[in-house]
Amino acid sequence: MPKTSIVLVGSIAAALSMASACSSSDTGSGKGSGGAVSAGGLRGSGGAPGSGGATATGGAPGSGGATATGGALGSGGAKGTGGALGSGGAVGMGGASGSGATLGSGGASSPGGTGGRSGSGGVQGLDGGPASGGTTGAGGTQWLDGGPASGGRVGTGGRSGTGGRSATGGTQGSGGAAGVDGGGAIIDANGADTVDANLGMDGAFDGGTTVAGIPVGHCGARSGRYFPATSWIYTDISNAPVRSNSAATTTWLESNGGWGSSNQLRIDTSFVILDADANTPRVAPTSSDPMEYSTDCDPNVSMPIPANGRIEGETGYVCGDRVNGNPEGDCHMLVADFSSNILFEAYQATYAQNLFYTTCTIAWNMVRDVWGAPPAPGSTLPPVATRNWGIGRQCTGPDAAGFPIAPLLFTIGDVQSGKVEHAIRFILPNNRIQKAATSTDPHPVFVWPATHAGGPTAISPNAPIYGSRWRLKADFDATSRGLDPANPVVKAVVYGLQHHGMLLSDGGDIALTAEDGTGCSQTWDDLWGSKASRVLNGILPSDFDVLDTGGTDSGYDCVRNTR
């Protein structure tokens with residue numbers, strides 16, 4: 001692959017390369033055995049313990065509403081908690097009153113506003129404006145200059161013990177508790193959004209609206225989003241237009257072997273999402289790595305290394321004989337730090353003897369939607385100079401298509417919620433993915449929102465294309481395919497496939513990708529029953545429509561996104 005220059009994506013370098021190493025191996029999910037479980041992955045630690053916030057000194061209590069969250073310990077919660085972990089954070093404050101709310105209660109009504117719901121973790125309006133408690137999971141949008149604040153989402157992470165902004169001069173102890181998962185964007189009086197570095201990403205914010213979170217992180221145990229809600233990851237595509245050759249594509253796949261794993265729609269649960277915060281140790285990549293680092297990827301990213309974590313397919317951080325240049329499998333490492341809004345993802349990663357090895361790392365800025373709107377249906381791609389979505393034109397990363405991995409994994413929490421509310425990662429064997437329409441056409445091809453194709457080998461205009469988005473048909477009948485519609489995995493994933501679809505992300509054998517369930521409140525065995533990872537087997541390619549997301553691009557010459 002030609003060497004390319006590195007530029008920044010969304011204020012944080014977010015590039016991905018590995019055209020051959022990341023995807024041409026046809027392993028896709030590495031050791032994906034459809035449910036290998038091990039001792040990996042910490043549960044979210046809830047962020048560093050807070051002290052309940054320093055007592056606000058920015059003016060007398062009640063002046064300008066400065067001390068509603070910083071005053072008595074009742075607002076910050078007991079040390080290291082937000083009331084009970086994740087149950088309150090700074091509990092729905094009364095607004096202008098200088099008194100802290102009773103821990104876990106909605107806060108007594110006061111002259112500045114009304115108390116929030118019990119345990120809803122409301123965010124206080126600044127400059128004395130009223131604050132409403134909000135509903136758990138409702139967002140976390142704050143307003144400056146006296147506007148109302150809608151309730152902040154209660155979560156398990158977020159920066160703790162950090163001083164909230166105050167219109168009255170002093171720093172007030174906002175949050176304090178580890179139970180508050182950030183809060184989201186701060187939107188000023190003119191509606192412009194700016195992001196406070198101390199706030200977690202709780203969805204996207206558009207003109208002051210608060211967007212409810214969905215399960216994220218290990219086990220889906222916290223509520224939030226990896227990227228703004230406007231991102232393609234969360235778009236409801238129930239009514240999106242279909243490619244003109246959709247039926248021909250699904251027929252081609254059925255005629256050429258169907259899904260991988262002997263045409264079984266299985267679920268791989270070997271990936272684990274590790275939770276990190278500002279206190280998690282970070283390690284820069286070693287200069288003694290015997291394997292070449294991809295020039296599409298972010299240089300010198302210091303990777304958070306959570307205690308007792310692990311990489312894909314392993315029980316710890318070691319990927320075979322990776323330290324000597326002999327990895328076994330893809331060994332993806334996924335770490336979400338919601339305290340800094342960065343999602344770290346690495347390919348062929350190993351941490352051994354205090355050294356970190358990787359052949360490609362990306363640090364995604366979770367505050368930015370770097371893809372934008374899709375091309376118009378039926379259109380060709382825009383001019384080369386403006387093909388700047390995602391990582392960058394023809395750039396790859398830990399996943400061959402250039403997608404982030406963690407946001408596309410469905411989790412125990414997704415299933416427990418009753419529905420998957422994001423797009424899902426799926427893979428196919430490379431000989432069932434289109435390299436080009438004809439042997440003389442440019443290759444390999446991909447479509448938006450992908451930025452790259454791995455090592456596909458199929459020559460046919462109807463073979464599935466890297467990045468293509470597949471939607472389960474609205475009239476799909478689970479019972480007729482031998483599925484139990486009451487099974488929680490069937491119910492949640494069918495919803496996700498019908499409303500958000502699945503995107504062809506890499507080459508490999510086990511079609512669907514979920515997150516490991518080790519350490520969660522339930523296991524996958526608890527949820528999917530006797531059919532185990534084959535609980536969705538019976539769904540056919542012809543049960544899907546392939547959506548129209550514009551024309552194709554091709555090639556391996558990475559030009560990084562400058563947005």
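Predicted model: local features only at pLDDT ≥ 70, side-chain atom pairs only at ≥ 80, totals over all residues.

Residues are numbered from 1 along each chain as its sequence is written, and side-chain values use heavy atoms, with hydrogens and water left out.

**Overall count**
- The whole structure holds 9 salt bridges (a side-chain nitrogen of Lys or Arg within 4 Å of a carboxyl oxygen of Asp or Glu).

**Asp-543 and Arg-481**
- These two side chains form a salt bridge, 2.9 Å from N to O.
- Asp-543 sits in the loop between helix H6 (524–528) and E25, and Arg-481 in the loop between E22 and helix H5 (488–499), 62 residues apart (helices, H or I, have at least four residues and strands, E, at least two; both are DSSP runs numbered from the N terminus).
- Asp-543 is buried, at 9% relative accessible area.

**Shared partners**

**Asp-553 and Arg-393**
- Asp-553 pairs with Arg-393 in a salt bridge, 2.9 Å from N to O.
- Asp-553 lies in strand E26 (residues 552–554) and Arg-393 in strand E17 (residues 392–393), so the pair ties together parts 160 residues apart in sequence.
- Both Asp-553 and Arg-393 are buried.

**Asp-545 and Arg-471**
- In this salt bridge the closest N and O atoms are 3.7 Å apart.
- Asp-545 in strand E25 (residues 544–546) is linked to Arg-471 in strand E22 (residues 469–472), 74 residues apart.
- Both Asp-545 and Arg-471 are buried.

Terms used:
Buried < 20%, exposed > 50% of the residue type's maximum accessible area, 1.4 Å probe, protein only.
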